[in-house]
Amino acid sequence: ASSFARMFVQVCLYFYCKCLWRFLKFVVRKLTGQCELQRICYNTKPGAARTMKIGNCKIFSSRLQTSVNVHPDAIEKTIDDIMELKRINPDINPQLGVSLQACLLQIVGYRNLIAEVEKLRREPYDSENPQHEEMLLKLWKCLKPNSPLKARISKQWCEIGFQGDDPKTDFRGMGLLGLYNLVYFAEWDTEIAQQVLTDSLHPKYSQLSKAEWEKKKFDKAIGYSFAIVGINITDLAYNLLVSGALKTHFYNVAPEAPTLTHFQQTFCYLMHEFHKFWIDEDPLDIMEFNRVREKFYKRILRQLQNPEMALCPHFAASESLINM
């Protein structure tokens with residue numbers, strides 16, 4: 001009897017809240033002369049706050065279920081359909097259509113970006129593929145321009161942080177995505193990438209004298225494998241993306257659909273920030289990597305909970321995208 005009574009109360013509350021919510025929306029619309037979509041667009045500045053609110057609107061979320069793979073040209077028609085359904089005159093509200101279209105492009109673009117990133121992650125590195133091999137050799141040239149690679153299979157790969165004499169085995173976890181990110185970092189933010197690599201080659205306990213150590217301006221030693229950490233940070237960026245945590249950042253920096261380039265920019269930022277974080281944490285050795293990584297991951301998640309957050313880039317390659 002008690003369980004039936006609880007269920008009855010819950011059903012009553014559900015219908016009461018549903019009816020009350022509809023009634024309140026009706027009252028607000030009559031008082032303001034604006035529907036929910038209009039109130040959000042007119043009262044919320046562009047960016048993550050607006051796009052997330054729009055995405056949560058019932059009419060918008062239902063339409064988005066069928067708009068995931070829509071071509072950008074068809075999105076305009078989706079907006080026209082919604083405005084017609086809500087009886088909004090586009091001539092009187094010209095800016096509303098533009099704002100809604102930007103939000104839809106961001107939402108659909110984010111979903112398409114996940115699919116693109118997932119495809120790269122699932123594609124294994126193939127040493128028989130000339131394109132894959134070319135990218136791998138490009139990574140070496142960008143990071144070690146003054147040290148020619150003596151052979152494709154070589155212990156030299158350990159100098160940039162791979163585990164063995166053939167890097168292809170290290171890409172298993174993240175597939176081509178790991179290589180794409182490392183090459184982007186090395187090519188477009190070469191100076192920082194080379195500096196991070198140089199720092200990473202210094203173990204915790206160096207044979208340098210104190211004077212030599214201070215001369216090199218290393219307050220704290222690094223001691224990690226650059227390429228392996230890059231692949232691991234790729235995994236971190238991937239998890240932030242698929243969990244939706246990066247929506248805040250992308251909706252604030254990409255006026256329309258976020259692209260793979262935006263994702264690679266984010267990877268560059270995370271690599272640079274993790275490098276500084278590792279130095280500040282001053283771990284005893286590489287065995288503390290997972291602890292430091294988890295702490296770093298939680299810090300980034302906390303930052304992304306702020307709807308106005310945009311991961312501020314500190315690298316040269318970001319300058320062309322910051323106002324994209």
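Accessible areas here come from the Shrake-Rupley method with a 1.4 Å probe, and for residues only the protein chains shown count as cover. The model is predicted, so local features need pLDDT of at least 70 and side-chain atom pairs count only at pLDDT 80 or more, while totals for chains, interfaces and linings use all residues. Residues are numbered from 1 along each chain as its sequence is written, and side-chain values use heavy atoms, with hydrogens and water left out.

**Exercise 1. Describe the chain as a whole.**

Step 1: Start with the surface. The accessible surface comes to about 18,200 Å², and 55% of it belongs to carbon and sulfur atoms.

Step 2: Turn to burial. Of the 324 residues, 43% are buried (under 20% relative accessible area; exposed is over 50%, partly exposed in between; 1.4 Å probe, protein chains only).

Step 3: List the elements. The chain has 14 helices and zero strands; both are DSSP runs numbered from the N terminus, helices being H or I of at least four residues and strands E of at least two.

Step 4: Look at the contacts (heavy atoms within 4.5 Å). Among those with a separation of 6 or more, 67% join residues 24 or more positions apart.

**Exercise 2. Work out how helix H8 sits in the structure.**

Step 1: Check its span. H8 covers residues 175–188, and its 14 residues reach 21 Å from first C-alpha to last, close to the expected 20 Å (1.5 Å times one less than the number of residues).

Step 2: Judge its cover. Because 11 of the 14 residues are buried, H8 is largely enclosed by the rest of the structure. Leu179, Tyr184 and Phe185 are among the buried ones.

Step 3: Find the partners. The buried residues of H8 pack against helices H6 (94–122), H7 (130–143), H9 (190–200), H11 (226–242) and H13 (260–281).
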